[in-house]
Amino acid sequence: MDVTSEIQKAAEDEITRARAAPLLCPVGHPNRASSLNNLGVDLWNRFQQTGHLEDLDESIQLDREALLLHPVGHLNRASSLINLGMALRNRFEQTGHFKDLEESIQLDREALLLCPVGHPNRASLLNDLGLGLWDHFHQTGQIKDFDESIQFNRDALLLRPVGHPDRASSLINLGAVLQNRFKQIRHLKDLEESIQLAREALLLHPVGHPERALSLNNLGVGLWSHFQQTGRLEDLDEFLQLNRGALLLHPAGHPDRASSVHNLGLGLWSRFTQTSHLKDLDESIQLNREALLLHPVGHPNHASLLNSLSLGLWNCFQKTGHLRDLDESIQLNEEALQIHPVGHPDRACSLRALAFGLQNRFQQTGHLGDLDESICLYQEALGLHPAGHPDRAYLLQNLGSGLRNRFQQTGRLRDLDESIQLSQEALQLCPLGHPDYASSLHNLGLGLRNRFQQTGHLKDLDESIRLNEAAVLLHPVGHSKRASVLQDLGLGLWIRFQQTSHQEYLKECLSASKQGAEDIHSLVSDCLVAVKNWVRFTWPHHDLAQSNLDAYITGLSLISRSLSMIPVISLQYQHLSSTINLPEFVSDGASQAIKLGQRALAVEIIEQGRGLLWSELRGLRTPMDRLQALDPSLADELMQINHRLELLSTADSIDPGTNFLLQTDSHHQQMEVNRHPLGLNLFEERRLLVSSQGDIIEKIRKIPGFESFLGRKSFAELSSAAKHGPVVVVNCSRYRSDILLIIPEKNLPVLIPMAEGFYEEAKTLEQRLTEARADIKISPKRYNHVLQATLKDLWDLVVSPVVATLQELQIPEMSQIFWCPTSILSTLPLHAAGPIAPGTKKFLPDLYISSYTPTLTALITSFTTPSPKLSAQLPRLLVAGQYDNSLRNTKEEIDEVVQYKKHIPVTPLEEASTTKDAVAKALVDHDWLHIASHGTLVPTEPFSSYFSLSGGSRFTLLDIIRLNLPNASFAFLSACHTAEQPPGSVHDEVIHLAAAMQFCGFRSVVGTMWEMADVDGPEMVKDFYASVFSNLEEDPSRCNEIGVQARALAAAIKKMRGRKGVTLERWVNFVHIGA
């Protein structure tokens, strides 16, 4: 038998004996009262153990009979009053029967009169009365009960001085009542006194004391209330420290663990809202998940925990834009609503929370069903918040916003009219000084502007402008919504200018848009909208051309700023794909610079806005030799930070469905650790690293000669890209298109203006070729015809003017030229344009040797690697292939390469060992790579594109980026799609396998634009390497000279073109990238 069973048996035996006593002491017996009292006490004790209400009822009945035997004046009347009063209060606590509580208080009052000052029971009676009156207040709401309860507890505390064994309980009781009175009347002195009492009680419950957890909790509750009243973070920090201590005392399985977990989670969430420390949000979400498990369905706290977890996930979504967080938040709110059916007092709160989540999901996905459901929920909630309810204004605003959004989707004017009506009512409920006054002004202004655009009533537009002007004043510098309000004001003023042509409206409109775009404290997404407006408003006005150019430059800075907040490169790419139509934005900005005669600036703009991801990663690998010589410690510090940033940037992706709500550096993004491949802490780490990097760069720029360190490169620096041949920058813009030819030793690029309509023709070419490629297997002849026409049109449209200019500049034929096209042109085969004239078979490759470069900086880097010492050595060639039946010519192709091992070091990887890790490891000791395998393009996730190797191993684009091969020189990628940019990609980012190879160190790369015919491998490789090694015995170092591989590819393609049966696509497919 265990200890509990033994105790229960002893209690049963005691009650059996006690029941016999009244039988032996019938009515009139002098000991009857004491026997009744003893039996009542035993039953009361058993009730405390078992919770059986029958024992408590019988105990009360016995106590009443005993009290009748102790009339007024009896020596034992006080003890009978006390026993009956205590039992009645216990029954009230179980049943809520108010009459039991009132009788209990009445009995305690009488008992107190019988226990004057000095009586040993007076302190406990004062304590009991204090507790009873506290309960009485909660039933009646009469503040006088609180006041009297406090007085009784004060009197009890005076009777329990320092050293008294019951002092701690009196401190706790008085503190609790003071804290509760504070909640009613908000006298801060009550709260502060309760905290002081809780501190003393905690000292009386040291580590190891069974009541320590209670004291930790009590002091924590007081500090939490004080924080909510004063906003003092010190209170919140101490609250968290106390709750961590309480949680340690409540391990798994402890009945109070659930409340400790919930309290700590709530505190961490609150600190997150104050500090934006995302590790607090992360931990809060984890704790709320645990608390929810400890409060299953049916538990009275289950609904509130659903709400807490939902709120944390909503905050997580706000920071990360991760739709999975928003979906889960909505799911939790749906569950909470089911727990709160019609008539439940908390239904309104659940309606609001679910409606808010659905409204936000609509804004992310555009699913009208979410918006419709949100509106219905808000309408029901509004019915539960009648006139006078403090939350009515909030609901009016949100319902109004939902109806306005639905109007924008459906055009139903009645939705807009109702939205305006609701916004007007909300504004009336939020007078000047109300925290929602500014948002009420803004919302009503938006609605009125929308209605003007439908009806043309100028009074709506004027009122909208007036409201937004007032809203701007209430969103001062530093407010995160300032840019949003400014851009809306600017749009209203622009519309007013269009109606009146008054220049003052245009001036004010541009001022508002410019301020919004340049506001460093606002959401980047709102600033980008303001930039787009600034661009749109200035473009038609020739006298505002410089302002228009400034807007483009500001926009490029904002885009770079937005990328710095996202930790992972794959998500940065995804963000760019949905941001401001990036390629066109960059090209349009460059076209404006050209229009203003600022050709060098146009090149700088294209470089700044093109290949943003490669540029950022390349910046992390910037050589520090010069800085190391001047300040080794600063150089080492920056290299360490850059290395950590690179590891973070090239980590595995989080989720392809992430939509970023980009915020300023003071509102940082993270996501929850345990539910995603990457944790919230990575966003925080990114923020801290970028901040530290910025501080170090600022110090470096103060060193003479380093003023522009890691800054935007000037044309003087970029022009070195033409060191080994002209660079052809093709800018394709809807406003004007131009070619900027960078020629060695020229201070400015040579301008070749394109004919009007160039942009539309280029779009048509790209679309036509893309559609034909999609049907290539069904209609190969049609594709060949379309490709032939495309090459001819490219010659006429782009390449012919370039060749004519090169010839005018006396650039010798068969010189190497480097193409750097923008926008849609980056997907077209400029290198193969032709024929150059009707009736001839000559194409561009017969005139000049073409190479491509993603950016000018990438090309400049290619010229400087590897070191001259390594360049003078024989290449060390690594050969990797995929040996299976799907590529029947791979072995023959590899044999063609391996035959050169009699002249140079060649390492063919064995079939079984051709894995990702083996290739990566071997590349450290080789500077050339030949890879023959399947190349697979993953259009939706370009960083997952890969080479297929042995045993199903994949060598992905992300794997390649992670390599750092400063001694690498050349890579031949004999695989499909290695230099292809699929439809829908961010063309100016040039994310493909060949570009990744160039980034990781290979200065020269041969790749393919499309699918490669397996049969072409052996012959192409044979001719290519024969050309490369033609002068091997005469001068081994020539293998690594700049241009050798490009010339070898040109020679191999020329032979391929001459072979019978080779289609146009097969030779056009091969391209050279880099030096």
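How many residues of strand 12 (residues 970-974) are buried? Five of the five, so strand 12 is largely enclosed by the rest of the structure. Buried here means under 20% relative accessible area, with exposed over 50% and partly exposed in between (1.4 Å probe, protein chains only).

## Ground rules

This is a predicted model, so to read it: local features need pLDDT of at least 70, side-chain atom pairs count only at pLDDT 80 or more, and totals for chains, interfaces and linings use all residues. Residues are numbered from 1 along each chain as its sequence is written, and side-chain values use heavy atoms, with hydrogens and water left out.

Helices (H or I, at least four residues) and strands (E, at least two) are DSSP runs, numbered from the N terminus. In a regular strand, side chains alternate between the two faces of the sheet. In strand 12, Phe970, Phe972 and Ser974 point one way, while Ala971 and Leu973 point the other way, and all are buried.

Two strands pair if DSSP finds at least two bridges between them. Strand 8 (residues 928-932) runs parallel to strand 12, with five bridges joining them, and His930 sits opposite Phe972. Strand 13 (residues 1004-1008) is also parallel to strand 12, through three bridges; there, Ala971 has Val1005 as its bridge partner.

Strand 12, helix 41 (residues 993-1000) and strand 13 together form a right-handed β-α-β unit. Right-handed means that, with the strands pointing away from the viewer, the path from the first strand over the helix to the second runs clockwise.

## Ser522, a buried loop residue

Now for a loop: Ser522 is in the one between helix 23 (503-517) and helix 24 (524-538). Ser522 is buried, with a relative accessible area of 0%.

The Ser522 side chain makes a polar contact of 3.1 Å with the side chain of Asp519, and one of its polar atoms lies 3.0 Å from the backbone nitrogen of Ala483. A polar contact is a pair of N or O atoms within 3.5 Å; within protein, one must be able to donate a hydrogen and the other to accept it, and residues adjacent in sequence count only if both atoms are side-chain atoms.

## Cysteines

The structure has zero disulfides (pairs of cysteine sulfur atoms within 2.5 Å). For Cys349, the nearest cysteine sulfur is that of Cys430, 18 Å away. Cys349 is partly exposed, at 41% relative accessible area, whereas Cys1039 is buried, at 1%.
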